[in-house]
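Ready for a few exercises with a structure open beside you? Have a go at each task before you read the solution below it.

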Amino acid sequence: MKLKTTLLAASAVMAVLAGGVNAKTLVYCSEGSPDGFDPAPYASGTTFDASARTIYSRLVEFAPGTTSIVPGLAESWTISDDGLVYTFKLRAGVKFQTTDYFTPTRDLNADDIIFSFDRQGNAENPFNQYVPGVSYEYFTSMGLDTMIASMEKVDDLTVKFTLSAPNAPFLSDLGMDFASIVSKEYADKLLAEGKGADFNNNPIGTGPFQFVAYQKDAVIRYKANDTYFGTRPAIDDLVFAISTDAAVRAQKLLANECQIMPYPAPADIEALKANPDLTMMEQAGLNVAYLAYNTLQAPFDNVNVRKALNMAINKQAIIDAVFQGTGVVAKNPIPPTMWSYNDAIVDDPYDPEMAKQMLADAGVTDLSMKIWAMPVQRPYMPNARRTAELMQADLAAIGVTAEIVSYEWGEYLKNSTALDRDGAVILGWTGDNGDPDNFMNVLLSCQSAGEGGSNRAHWCNEEFSALLTQAAQSTDQAERTSLYEQAQVIFKDQAPWLTIDHSTVFMPMSNKVTGYVMSPLGSHEFATVDIAE
């Protein structure tokens, strides 16, 4: 679609901009609606941007623009010589936000830290199922339910984690969105009032912004947190204008109805780059997109069938048509920018004739399947529907009938974890902490293969998972690299996925915006952002 600078009609976004004459307002054109405002039960970057990275803080944080860990709510920490005990010293005087629905009576303390993790792994915690059916995908998929042997409140400002085995990524895991620290006092208040669901709708945190209001599928409003323990944001009012269509986001950016937008359509990137009123940031994405077969269901339980389908799909044609120069073909489950990437792996070739023969040899005829296509743009997949259509045509050429299905984003993520899911699902991943464990363990291990887990292929290979466990328990990066390289060989041989692409991430914004830092982890953060009057 050709970009135009015509002002759009008055919208809900403009209505929320009315405020103090001197207040600074930044409008971010978000690509979708959050699933909720409690980061722990979810795995969507859209949800994390709207919750974890605005409202909440974590024990440790990633330094802006890096995967390096720096102090957060913990001002310091020590690790025992055997790698089993992590002791965190909390900052004194950290305030939870005061809103019209909650006024804290105390500062953050060790009780909040323990509660934030216990509720995710302890079925007896009253806030484990405060919303019926809620699951904690990250916590369980990463194995923290068995990794954390105990948590101890040493005193109000000291908390001790004891692990069941050494785990090299553990500290980085604590900087991830699911590890955001919540208020136990607020949870106790809601529980006593019988209003537990409000924990997900009316959030309270210690982060740089505090929640003001949410108009579903339209707009989220925040204001700067004046009691934030870090540097107060320069922005007084932050607005997420929810705009699911990339072309609409671009129009709003050009009309100055928003000042930052994510995930431009590849066809629009050159025009946005050429606009003198805009700045275009870009970087290689720490990401992968994939098509996950349900390996529990026939005939996808047969590795030769999975290999045949992989050989039937022309991935370069997808890159050319959908990404238009903004992505590269993927052969591994981790991106080439990540340490331990095994470049010696040989990808499955595009060979429709061989694919036909392999299906025939496997006794598979008249195969019908579903391809799940994501309803939203993500950094690793600008147009899943178009990608699915290209796959559908390629599969038809070898006699496989593919039906394309899709669902609302939250429903898509939830339903795609079902053990009896039909067919293959298009999804992807942007690294959360810069460690290969965060890709391979979360997305492909046996512990994450159950219903509700992040392993959408439901693929459990004991040898593969044993390598991941051994790698996580080692502190020698050379040894870890070798183990992850071996794991990638098994992955490629067993083909639980069709690996699709690794993409470049683009962030267009107004020239008036300063202080925005692109994150290699794919998050969008505004604590350091300013905007010229």
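The exercises below go through cores, rings, a helix, cavities, a pocket and some backbone details of this predicted model.

**Exercise 1. The nonpolar cores**

Find the members of the largest nonpolar core that touch the most other members, then list the contacts of L291.

*Solution.* 
Step 1: The largest nonpolar core has 144 residues, and those touching the most other members are F88, F161, L291, L309, L395, I426 and F526.
Step 2: Leaving aside residues up to four places away in sequence, L291 touches I313, I371, M391, A424, V425, I426, P496, W497, L498 and I500. I426, one of these contacts, is also among the core members that touch the most others.
Step 3: A second core of 16 residues is separate, and A218, V239, M261 and F506 are among its members.
As background, nonpolar side chains in soluble globular proteins tend to be buried together.

**Exercise 2. Two ring pairs**

Classify the ring pairs F88 with F161 and W409 with Y412, and place each pair in the secondary structure.

*Solution.* 
Step 1: Searching the whole structure gives 31 aromatic pairs.
Step 2: For F88 and F161, the centres are 5.7 Å apart and the planes are at 85 degrees. Planes over 60 degrees apart count as edge-to-face, and that is the class of this pair.
Step 3: F88 belongs to strand β5 (residues 85-90) and F161 to strand β7 (residues 158-163), so the pair ties together parts 73 residues apart in sequence. Both F88 and F161 are buried.
Step 4: The ring centres of W409 and Y412 are 5.8 Å apart with the planes at 35 degrees, so this pair is tilted.
Step 5: W409 and Y412 share helix α15 (residues 409-415), where they sit three residues apart, about one turn of the helix. An α-helix has 3.6 residues a turn, so residues three or four places apart point the same way.
Step 6: The cut-off for buried is under 20% relative accessible area. W409, at 7%, counts as buried, and Y412, at 0%, is buried too.
Step 7: For a further look at rings, trace the cluster that ring pairs make of Y101, F102, F115, F127, Y130, Y186 and F199.

**Exercise 3. A helix and its cover**

Decide how far helix α11 is enclosed by the rest of the structure, and name elements that cover its buried residues.

*Solution.* 
Step 1: Helix α11 spans residues 303-312, and the buried ones are V305, R306, K307, A308, L309, N310, M311 and A312.
Step 2: That makes eight of the 10 residues buried, so α11 is largely enclosed by the rest of the structure.
Step 3: The cover over these buried residues includes β12 (287-293), α13 (352-361), β14 (368-372), α14 (384-396), α18 (477-494) and β17.

**Exercise 4. Cavities and a pocket**

How many cavities of 30 Å³ or more are there, and what lines the largest cavity, the second largest cavity and the second largest pocket?

*Solution.* 
Step 1: The count is three cavities of 30 Å³ or more.
Step 2: The largest cavity holds about 120 Å³. It is lined by 13 residues, of which P264, P379, P382, T504 and F506 are the closest to its centre. Strand β17 (residues 497-510) supplies the largest share of this lining, four residues. By class, the lining has nine nonpolar, three polar and one charged residues.
Step 3: The second largest cavity has about 100 Å³. Among its 15 lining residues, Q283, V505, M518, S519 and G522 are the closest to the centre. Its lining has eight nonpolar, seven polar and no charged residues.
Step 4: The second largest pocket has a volume of about 600 Å³. Of its 22 lining residues, P41, Y42, G133, S135 and K414 are the closest to the centre. Helix α15 gives the most to this lining, with five residues. The classes here are nine nonpolar, seven polar and six charged.

**Exercise 5. Backbone details**

Locate the cis peptide bond between A298 and P299, and the positive phi values of D217 and Q324.

*Solution.* 
Step 1: D217, which is not a glycine, has a phi near 65 degrees. D217 lies in the loop between β8 (209-215) and β9 (219-224), and its relative accessible area of 46% makes it partly exposed.
Step 2: Q324 has a phi of about 50 degrees, again without being a glycine. Q324 is in the loop between α12 (315-323) and β13 (327-329) and, at 45% relative accessibility, counts as partly exposed.

Note on methods
Residues numbered from 1 in each chain as written. Predicted model: local features only at pLDDT ≥ 70, side-chain atom pairs only at ≥ 80, totals over all residues. Heavy atoms only, no water. Core = buried A, V, L, I, M, F, W, Y, C linked by side-chain atoms within 4.5 Å. Buried < 20%, exposed > 50% of the residue type's maximum accessible area, 1.4 Å probe, protein only. Contact = heavy atoms within 4.5 Å. Phe/Tyr/Trp six-rings, centres within 6.5 Å; stacked < 30°, edge-to-face > 60°. Helix = DSSP H or I, 4+ residues; strand = E, 2+ residues; numbered from the N terminus. 1 Å grid on protein atoms, 1.4 Å probe; cavity = no way out; pocket = protein on both sides within 12 Å on 5 of 7 lines; lining within 4 Å. Points joined across faces, edges and corners; volume = space filled by probe spheres on them. Nonpolar A, V, L, I, M, F, W, Y, C, P; charged D, E, K, R; others polar.
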